Amino acid sequence: MDHGTTTASSRPREQREQAVWARAPLGPRNPPLDLLTARFDRHRYAPHFHEEFSVGVCVDGWEVIDYRGGRLDVGPGSIVVLGPGEVHTGGPGATGGYAYRAMYPAPLLLTEGTVAPPHFRDPVVDDPELAAALSAAHTELAAHADPLEAESRIPWLLAALARRHGTARPLDDRVPGADHIARTVRGRLADELLTPPTLAELAAPLGLSRYQLLRAFRTSTGMPPYAWLAQHRVTLARAHLEAGLRPSEVAPLVGFADQAHLTRWFRRVLGVTPAAYRTSVRSTSIRRNSVQDTGR
């Protein structure tokens, strides 16, 4: 998995040589996280290293990586964790091309759930649930990098990776008073709807780390703070739509970045688009009023 670039030619086999970069913000105390979405049929990386960890998920085909004096054969669904400063290559396996999604977190991002920086004895991790979660977070944050969402999802998933598959001892993640913590966080998110605080800003006044805050909030509510905030925004958006406002007008009023962001969460929570919901509730209201008028 690499930061490198490649060139495309007009030949059909090389039209799939792609590398698309995005960045996800992780709060004021951390640099943004680089995200790479790549598909290569022929490109091979020269030996190189990263200052950060490289955490990638193979999503198609087979990749071959020279690493630690051996060879890694990486297939779909595998997580690959390459350590900072460790030289490696990367290229397609014998069966053809490959596609992967990779992120490049600073070492500190993998220590929030452990007592020390983790070491991964086996760089190829078989954990289908975590691989799917990392891939989904990568895809969604590359398309729409909401700061609170990025800061909630990425440290949590990287902590899970380090705790499950690294050598460092996990921290005790029990946090007393989870319900009180969740109520405090929910109140602040509701009060600061349009410009929500970062996860670090939510955690600091409570004397917690980001990981501890996430653990407490999830224990109490069953979801991370960004998901609770999104559902709270959907609830407020419903009232505006019922009043006749258009989705494009509603999105900024409740803190969504744009109409597409509103639509994504509206469908997740209610199963319909904001426009369809607006049409439905207003049609019902008109029919109800007509029946009442007729009965007078």
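**Entry 1. Whole chain**

I counted the secondary structure and found 9 helices and 10 strands in the protein chain. I note here that the model is a predicted one. I then took the box along the principal axes, and the C-alpha atoms of the chain fill roughly 85 × 55 × 30 Å.

I looked up burial next: of the 296 residues in the protein chain, 46% are buried. The chain exposes about 14300 Å², and carbon and sulfur atoms supply 52% of that area.

I also checked contacts between residues at least 6 apart in sequence; 70% of them join residues at least 24 apart. For the charges, I have 34 positive and 31 negative ones, with their mean positions 7 Å apart.

**Entry 2. The sheet of 6 strands**

I traced an open sheet of 6 strands in the order β1-β2-β9-β4-β7-β10, with antiparallel pairing. β1 (18-24) and β10 (124-125) are the edge strands; each has a single partner strand, so one side of each has no neighbour in the sheet.

Strand β2 (residues 33-40) and strand β9 (residues 98-104) are paired in the antiparallel sense over 7 bridges. D34 stands opposite Y104 in β9.

What lies across these strands? I find helix α1 (residues 128-143) across β1, β2, β4 (54-61), β7 (79-82) and β9. Helix α1 runs at about 80° to β9.

**Entry 3. The sheet of 4 strands**

I traced another open sheet, of 4 strands, in the order β3-β8-β5-β6, again with antiparallel pairing. Here β3 (45-48) and β6 (70-74) stand at the edges; each has a single partner strand, so one side of each is left without a neighbour in the sheet. On average, neighbouring strands of this sheet are turned by 20° against each other, direction ignored.

I then worked through the pairings of β5. Strand β5 (residues 63-67) pairs with strand β8 (residues 88-92) in the antiparallel sense over 3 bridges. β5 pairs with β6 in the antiparallel sense over 5 bridges.

Which residues are the bridge partners of V64? In β8 I find G91, and in β6 I find D73.

**Entry 4. The turn at R68**

I went on to the hairpin that β5 and β6 form, which has 2 residues between the strands. R68 lies in the loop between β5 and β6. I noted its phi, which is positive at about 55° although R68 is not a glycine. Most residues other than glycine have a negative phi.

**Entry 5. L148**

I placed L148 in helix α2 (residues 147-165). Its relative accessible area is 4%. Buried means under 20%, so L148 counts as buried.

Which residues are in contact with L148, leaving aside its neighbours within four places in sequence? I list L189, P197, T198, L199, L202, P225, Y226 and L229.

I also took one distance from this residue. L148 and E201 are 53 residues apart in sequence, and their C-alpha atoms are 11 Å apart in space.

Key: Residues numbered from 1 in each chain as written. Predicted model: local features only at pLDDT ≥ 70, side-chain atom pairs only at ≥ 80, totals over all residues. Heavy atoms only, no water. Pairing = 2+ DSSP bridges. Axes fitted to C-alpha atoms, helices over the stretch in contact; angles between N-to-C directions. Buried < 20%, exposed > 50% of the residue type's maximum accessible area, 1.4 Å probe, protein only. Contact = heavy atoms within 4.5 Å. Areas by Shrake-Rupley, 256 points an atom, 1.4 Å probe, with all protein chains shown as cover. Lys, Arg positive; Asp, Glu negative; His and termini not counted. Charge placed at Lys NZ, Arg CZ, Asp CG, Glu CD.
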